[in-house]
Amino acid sequence: MQTMKMGNNEIVLLGTAAPPELPEGSHVMTGTVELPPGDPGSPPHRHSGPVFGYMLEGEMIFELEGEPERVIRAGEAFWEPGGDVIHYQAANNLPDRTSKFLAVMVCAPDQEMLVFVSPEELEQRKGRRAPRPN
């Protein structure tokens with residue numbers, strides 16, 4: 001994390017990303033997502049545009065195609081590029097508490113924000129998934 005001053009305000013920079021250029025007609029949605037205790041989250045999917053998130057409560061197991069899964073804890077930020085990248089997991093890492101995060105999602109024009117990946121495509125792309133923990 002990095003701290004910077006803007007006038008009398010202190011800004012704690014949680015993360016940075018260089019998303020792709022946004023096509024004309026894109027729109028942005030902001031919302032919260034609550035994961036019940038132990039919830040596995042959505043099945044593998046992809047987003048039409050980049051997603052920026054901030055963990056408000058609890059912990060989430062987060063996994064994108066080509067990256068090892070990791071745990072995001074309350075107070076931490078995350079992002080994913082969207083487009084062709086498969087989002088494998090956004091699961092509650094806590095068996096006894098709800099976890100909650102804030103998501104800012106950029107939607108490409110005339111495309112769904114979230115599209116589930118078929119079992120056939122998962123099989124075709126299995127070599128792109130990082131090794132699974134034991």
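How many nonpolar, polar and charged residues are in the lining of the second largest pocket? By class, that lining has seven nonpolar, three polar and no charged residues, where Ala, Val, Leu, Ile, Met, Phe, Trp, Tyr, Cys and Pro count as nonpolar, Asp, Glu, Lys and Arg as charged, and the others, Gly among them, as polar.

A word on the model first. The structure is predicted, so local features need pLDDT of at least 70 and side-chain atom pairs count only at pLDDT 80 or more, while totals for chains, interfaces and linings use all residues. Residues are numbered from 1 along each chain as its sequence is written, and side-chain values use heavy atoms, with hydrogens and water left out.

Back to the pockets. Rolling a probe the size of a water molecule over the atoms shows where empty space is left. Here a pocket is an open set of points, on a 1 Å grid over the protein atoms alone, where a 1.4 Å probe fits, with protein on both sides within 12 Å along at least five of seven lines; lining residues have an atom within 4 Å of a point. A volume is the space filled by probe spheres set on the points, and grid points are joined across faces, edges and corners.

The second largest pocket comes out at about 170 Å³. Its lining includes Leu13, Leu14, Gly15, Thr16 and Ala17, along with Phe52, Gly53, Ala77, Phe78 and Trp79. Two strands give two or more residues to this lining, β5 (51-57) and β8, with strands being DSSP runs of E, at least two residues long, numbered from the N terminus. β8 gives the most, with three residues.

As for the largest pocket, the volume is about 230 Å³. There are 18 residues in its lining, and Val33, His45, His47, Phe101 and Leu114 lie nearest its centre. Elements giving two or more residues to it include β3 (27-35), β4 (45-47), β6 (59-64) and β8 (77-80). The top contributor is β10, with three residues. In terms of class, the lining splits into 12 nonpolar, five polar and one charged.

Rings of Phe, Tyr and Trp (its six-membered ring) pair if their centres lie within 6.5 Å; planes under 30 degrees apart count as stacked, over 60 as edge-to-face and the rest as tilted. A search of the whole structure turns up three such pairs. One of them, Phe52 with Trp79, is stacked, at 5.7 Å centre to centre and 20° between the planes. Phe52 sits in β5 and Trp79 in β8, so this pair ties together parts that are 27 residues apart in sequence. Partly exposed means in between buried (under 20%) and exposed (over 50%), with a 1.4 Å probe and protein chains only.

Phe78 and Phe101 make an edge-to-face pair, 5.6 Å centre to centre with 75° between the planes. This one links β8 to β10, 23 residues apart. Phe78 counts as buried at 6% relative accessibility, and so does Phe101 at 9%. Together with Phe62, these two form one aromatic cluster.

Notes. Helix = DSSP H or I, 4+ residues; strand = E, 2+ residues; numbered from the N terminus.
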